[in-house]
Amino acid sequence: MSDNVYNVLFLCNANSARSIMAEAILNRIGAGKFKAFSAGSRPKGEVNPYGLQLLESLNHDTSFARSKGWDEFAEPDAPEMNFIFTLCDTTANESCPIWPGHPMTALWSIPDPAKAEGTEAELHLAFADAYRMLNNRISLLVNLRMDALDHLALQQHLDEIGRDTAKPN
C-alpha cells in the first residue's frame, strides 16, 4: 500500500441505500486518506429517499449520490481501487468484473434497509441501524495502520471488521 489516498468501492445490488451511505461516510471521516465510490450489480437507477434523508439530516454531502452500475469502475479510465467491500450477501455470490490493480476485497454484509417493512418509524430505524453498522466498520477501517500491516494481516483485519461489527451495540 502506498502513502497516497486509498480508493474504496462499496458494492451492493441496487446501489440505492447501503453503498451510497458507505460512500458518504467514508468520504467524510476518511477525507485525505480515502476516496470512496459506490456501485451496484443491478443498479436501481435512483437513490432511496430514506437513505438520502438520513444522510442530509447528519449533514453529509449528497450531491454525489446517484445509482450506478459496477461496470463503470471496471473501465480502463476508471480510478484504480485499493479496496472493494461488498455490503450484501447476494452481490458477493455474483460474478464480479475483473478489477484493475487487483484490490483487496472483503464481505461486510449489512441488512438491506430498503427491504424493511413497517411504520415510518420502523423504516427510519432500519436506515439508522444500517448507517450505524457502516459507520462502525468504516471507523475501524480509517483507523487501521496501513503502513504497519503486511498484505495478509491487512486482509485478516478487513475480514474481522465485517464479522465483529455485525453485532448490535
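At the start of helix 2, the backbone nitrogen of Tyr50 has a side-chain oxygen of Asn48 within 2.8 Å, where helices (H or I, at least four residues) and strands (E, at least two) are DSSP runs numbered from the N terminus. This is a predicted model, in which local features need pLDDT of at least 70 and side-chain atom pairs count only at pLDDT 80 or more, whereas totals for chains, interfaces and linings use all residues. Residues are numbered from 1 along each chain as its sequence is written, and side-chain values use heavy atoms, with hydrogens and water left out.

**Helix 2**

- Helix 2 covers residues 49-57, and its buried residues are Gly51, Leu54 and Leu55; buried means under 20% relative accessible area, exposed over 50% and partly exposed in between, with a 1.4 Å probe and protein chains only.
- Seen down the axis of helix 2, these buried residues fall within an arc of 95°, so they line one face of the helix, the arc being that of the directions from the helix axis to the C-beta atoms.
- An α-helix has 3.6 residues a turn, so residues three or four places apart point the same way.
- On the other side of helix 2, Pro49 and Ser57 are exposed.
- Helix 1 (18-29) and helix 4 (120-142) are included in what covers the buried residues of helix 2, and contact here means heavy atoms within 4.5 Å.
- Asn59, whose phi is positive and near 60°, follows helix 2.

**The chain as a whole**

- The chain has five helices and four strands, and along the sequence they follow the pattern β-α-β-α-β-α-β-α-α.
- Of the 169 residues in the chain, 46% are buried.
- Among contacts in the chain with a separation of 6 or more, 72% are between residues 24 or more positions apart.

**Pocket and cavity**

- On a 1 Å grid over the protein atoms alone, a cavity is a set of points where a 1.4 Å probe fits but cannot get out, a pocket is an open set with protein on both sides within 12 Å along at least five of seven lines, and lining residues have an atom within 4 Å of a point.
- The largest pocket has a volume of about 200 Å³, a volume being the space filled by probe spheres set on the points, which are joined across faces, edges and corners.
- Its lining has 14 residues, of which Asn13, Arg18, Cys88, Asp112 and Lys115 lie nearest the centre of the pocket.
- By class, the lining of the largest pocket has four nonpolar, five polar and five charged residues, with Ala, Val, Leu, Ile, Met, Phe, Trp, Tyr, Cys and Pro counted as nonpolar, Asp, Glu, Lys and Arg as charged, and the others, Gly among them, as polar.
- There is one cavity of 30 Å³ or more by this rule, and the largest cavity has a volume of about 40 Å³.
- Residues that line the largest cavity include Cys12, Ala14, Arg18 and Asp112.

- Arg18, in helix 1, is buried with a relative accessible area of 7%.
- Not counting residues up to four places away in sequence, Arg18 touches several residues, including Leu87, Cys88, Asp112 and Leu134.
- Ala14, in the loop between strand 1 (6-12) and helix 1, is partly exposed with a relative accessible area of 23%.
- Leaving aside neighbours within four places in sequence, Ala14 is in contact with Arg42, Pro43, Lys44 and Ser67.
- Ala14 and Asn48 are 34 residues apart in sequence and 9.7 Å apart in space, C-alpha to C-alpha.

Key: A polar contact is a pair of N or O atoms within 3.5 Å; within protein, one must be able to donate a hydrogen and the other to accept it, and residues adjacent in sequence count only if both atoms are side-chain atoms.
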